[in-house]
Amino acid sequence: MTSIPAPSIPPTMTAIAIRAPGGPEVLVPEERPVPTPGRGEILVKVEAAGVNRPDVMQRKGLYPPPPGASDIPGLEIAGTVVATGPDSTRWTRGDRVMALVSGGGYADYCIADETHALPIPPDLAPTEAAAVPETAFTVWHNVFERGGLQRGETLLVHGGSSGIGTMAIQLAKAFGATVIVTAGSEEKCEACRRLGADVAVNYRTEDFVAAVKQATGGAGANVILDMVGGDYIARNWSAAAVEGRIVQIAFQASPKATVDFSRVMLKRLHHTGSTLRSRAAADKAAIARAVERQVWPLIAAGRVRPVMDRTYPLAEAAAAHARMESSLHIGKIVLTA
């Protein structure tokens, strides 16, 4: 674990506030009091913060923070521990950590539950470290714990060039799975192939159901990670193998669909899903322990790395959100202090 001298803590900080629900322009810098860590919490001087789709949804007024969480957006951070709350035992001032947080990441300082923080590997830059927690926690829990992906099985990932998708490709390959992805351009498909995807399907020009069937000799995908929803729900059931597991993590299209449930019976399918932000602290702590045990050695060894798209200064959070909503990005968008 790497530690550095912790800086002194000022009374106020710059944070990005959501002025009102709306477009990227509603994100504005403002002065806020520096928060004080409570029981089992740490205060982190933020060096970088990841930008994620839930942040965009919160900005639009569609994803309010859970009770007790900061109204400042931002779900993953990297930086230095500068203070610890009562009963905090793992971290000390000066420790370098990355953390999953329930909000507050778009700021100079952020509170984290000490059990949701992990050490930054020595060779990982702060911008890279801030791109890891949300994706690693999401992929490990949904693909490996809920989806039960096993060595030799086939994983289908929708949105393969996203932060989640690029992490899923690398982890699935590291654990011996075959990976099929969908993406919206040939450039994005090629980026996925370079990461290790065995098959990349341009969903704008190809039918992913037919492509999955062809790639698997008609068997279908054992696990499907979906963040689209809508008509993809029925199509995923068609693309799934017998005893297939479909894991829903978002609905970029729609949470509603008309489906034929006989496919669930005939194929003995399992369709599950989860959200991360609203989970109990103990649940997220358990995921953190599993990620530290299973994923961190791969990151420390350089076998798995976050794919970086662009970084923006904290004050340019609006531009970062505009970049994300353009869907032109490949990998992670990160804000820097």
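Colleague: How many cavities of 30 Å³ or more does the structure hold?

Modeller: The structure holds 1 cavity of 30 Å³ or more. This is a predicted model, in which local features need pLDDT of at least 70 and side-chain atom pairs count only at pLDDT 80 or more, while totals for chains, interfaces and linings use all residues. Residues are numbered from 1 along each chain as its sequence is written, and side-chain values use heavy atoms, with hydrogens and water left out.

Colleague: Why is a space called a cavity and not a pocket?

Modeller: On a 1 Å grid over the protein atoms alone, a cavity is a set of points where a 1.4 Å probe fits but cannot get out, whereas a pocket is an open set with protein on both sides within 12 Å along at least five of seven lines. The largest cavity holds about 40 Å³ of space, a volume being the space filled by probe spheres set on grid points that are joined across faces, edges and corners.

Colleague: What makes Val-46 a lining residue of the largest cavity?

Modeller: Lining residues have an atom within 4 Å of a point, and Val-46 is listed in that lining, as are Leu-314 and Thr-336.

Colleague: How is the lining of the largest cavity divided by class?

Modeller: Its residues divide into 7 nonpolar, 2 polar and no charged, where Ala, Val, Leu, Ile, Met, Phe, Trp, Tyr, Cys and Pro count as nonpolar, Asp, Glu, Lys and Arg as charged, and the others, Gly among them, as polar.

Colleague: What is the volume of the second largest pocket, and how many residues line it?

Modeller: The second largest pocket has a volume of about 510 Å³ and is lined by 29 residues, with 14 nonpolar, 7 polar and 8 charged.
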